Amino acid sequence: MNLKKFLAAIISTSFIIFSVEAAPEGRMPASELMRLDEAPRGEVARPMQTLTSENSGLNPGYSVTPIQNTRPVAADDALPNVTATAAIVIEASTGHILYERNPDQRMFPASTTKMMTLITALESNQLDEIVTVGSGAYNAEGSTLWLDVGEKIPLGDLLYGMMLISGNDGAIAIAEHCGGNVPDFAARMTQKAHELGAVNTNFTNANGLPDSNHYTTARDLAIMAKYGFSLPHFEEICATKEVSFGWIHDDTKLLRNENQMLWLYRGCNGIKTGYTDAAGRCLVTAAKQNGVQLIAVVLDSLYIWNDSIFLLDYGFGRVSSQTLIEPGQVVKTLPIVSGRRKSMQVKTAGEIIMPVFEGNDNAYEIVYDLPAELTAPITSGETIGKIRVVLPDGREAASVDVVTTADVEQKSFFRLVLDKLKSFFA
C-alpha cells in the first residue's frame with residue numbers, strides 16, 4: 001500500500017470505528033445526521049422548524065432541524081429554503097416535473113457520475129464476471145475501496161462498492177473491465193445518456209473527479225435515474241444500506257452506504273451522493289411511497305439532506321396514486337382452439353399503480369395486447385399478452401403481463417379429426 005492509501009486508510013478506519021460504535025443495529029446515528037451539513041464558513045446558521053415523522057417524510061425516531069437558506073432565490077420559487085444551485089424532483093413513471101430550479105444549468109456532477117457508470121455496466125455485463133484490478137484503479141485519487149493490483153473481484157461486488165462508499169478505484173476497475181479503458185467507457189456513458197434524452201451531459205471519466213469537459217444538469221441526472229429504475233439490479237444496489245464481502249481490506253468486511261437518506265426518509269431507495277470542491281455537495285435521491293416513485297436531484301447544495309427532504313416532501317404533497325390494474329384481475333375470457341375445454345379466463349400477473357397530479361388531467365390510455373384465441377396445450381401461468389398504460393404523448397408508462405389460469409390438454413388426434421368432419425358436414 002502506498003503512502004497516500006496508508007494515510008487515507010487511517011482516516012477511514014477512524015470514521016468506521018466511530019460509525020459502528022455510534023450506530024448499533026445498523027441504525028444511522030443521530031450525531032451523524034448533519035455531519036455533511038454544517039453551516040458553510042461565513043454563513044450564519046438560522047434553525048427552522050424541526051422536521052419529524054409527523055410533519056415530513058422522515059422515518060419514525062428521526063428528526064432534523066433544517067437551516068434557513070442564505071443564498072438568493074427567485075421571488076416565485078416554491079421552495080426558497082432549498083439551498084442547491086440546481087434542483088429538480090420528478091415522478092419516475094411519467095417523467096412529470098413537480099419542481100425545478102435551474103434544471104438545465106451545466107454543473108459538475110462529482111460522484112453522482114457513478115450512477116451512469118452503474119447503468120452502463122448493468123446493460124452490457126453480468127454481475128458474476130470477474131474483474132482483474134489494474135494499476136489505474138490502484139492509483140485512483142479520492143475515496144477508495146483499497147483495491148490492489150491483480151485482485152480478482154466479481155463485477156457485482158465492485159458495483160456495490162462503487163455505489164455504497166463511492167470507491168473511485170472501483171469505478172476505474174469497472175470501466176476498464178467493461179469498456180477496455182476509461183475514455184472509451186466514458187464515451188459509452190455519454191452516448192447512452194444522449195440516447196435517453198440527457199443531451200446536456202458529457203462524461204470523461206467513470207468516477208466524477210473534476211474535469212472541465214465532464215458535466216451534466218439536474219434534469220439530465222433525473223432522466224438517467226428514471227431509466228436506471230427500469231434495469232434489473234439497479235434499485236437493489238442503490239437501496240442497499242450495508243453489505244459484506246470477503247475481499248474488503250478491513251476487519252469488518254463491511255460496506256456502509258454514505259447516502260443517509262436511506263435511514264432518514266420513508267421509502268428511500270437510492271441513489272448516489274457526490275462531493276468535490278468544484279461541484280459542491282450533490283445528491284441524487286429517490287423514494288417510493290404508495291406506489292409512487294419520486295427522484296430528486298440537488299447540485300451544489302449547502303445542505304443536501306435538508307434539501308432532499310424538502311424536495312421529496314413537496315413532491316409527495318402534490319401527487320397521489322390510483323390503482324388502474326389490480327393483481328390477479330380477470331381480464332377476459334378467451335376461446336381455446338384444439339383444447340379439451342372451450343374457453344379460459346386470463347388474468348393479470350401483477351398490478352399497475354399510476355400517479356395522479358394536482359392540476360393535471362391525468363389522462364392514461366389502457367391498451368390490451370392480447371391474442372384473439374388460445375391454442376392448446378396450455379400451461380397455467382403462461383404469459384400470453386400484456387396490458388400497457390400509455391401517456392398522452394404516446395410513451396409507455398407501465399405494463400403488466402397477462403397469464404393463463406389453468407392447464408389445458410390438447411384434444412386427441414381422433415377427437416380433432418372428428419371435429420373437422422363435423423365442421424365439414426355442418
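**Strands, a sheet and a hidden helix**

Modeller: Okay, start with L334, which stands opposite M344 in β12. Keep in mind that this is a predicted model, where local features need pLDDT of at least 70 and side-chain atom pairs count only at pLDDT 80 or more, while totals for chains, interfaces and linings use all residues. Residues are numbered from 1 along each chain as its sequence is written, and side-chain values use heavy atoms, with hydrogens and water left out.

Now zoom out a bit. Strands β11 (residues 330-337) and β12 (residues 343-348) run antiparallel, joined by 5 bridges. (Strands are DSSP E runs of at least two residues, helices are H or I runs of at least four, and both are numbered from the N terminus; two strands pair if DSSP finds at least two bridges between them.) Together β11 and β12 make a hairpin with 5 residues between them, and in that turn S338 has a positive phi of about 65°. β12 also pairs with β17 (residues 396-404), again antiparallel, over 3 bridges. There, K347 has V403 in β17 as its bridge partner.

Next, find the open sheet: 5 strands in the order β2-β1-β9-β8-β7, with antiparallel pairing. β2 (97-101) and β7 (268-276) are at the edges with a single partner strand each, so one side of each has no neighbour in the sheet. Ignoring direction, neighbouring strands here are turned by 5° against each other on average. Inside the sheet, β1 (residues 86-91) and β9 (residues 292-301) share 6 bridges, and E91 has L294 in β9 as its bridge partner. Helix α10 (residues 304-316) lies across β1, β2, β7, β8 (280-289) and β9, at about 145° to β9. (Axes are lines fitted to C-alpha atoms, for helices over the stretch in contact, and angles run from 0 to 180 degrees between N-to-C directions; contact means heavy atoms within 4.5 Å.)

In α4, 11 of its 11 residues are buried, meaning under 20% relative accessible area, with exposed over 50% and partly exposed in between (1.4 Å probe, protein chains only). L158 counts as buried because its relative accessibility is 0%. Leaving out residues up to four places away in sequence, L158 touches V131, L145, L147, I153, A173, I174 and W247. L118 is 40 residues from L158 in sequence, with 9.9 Å between their C-alpha atoms.
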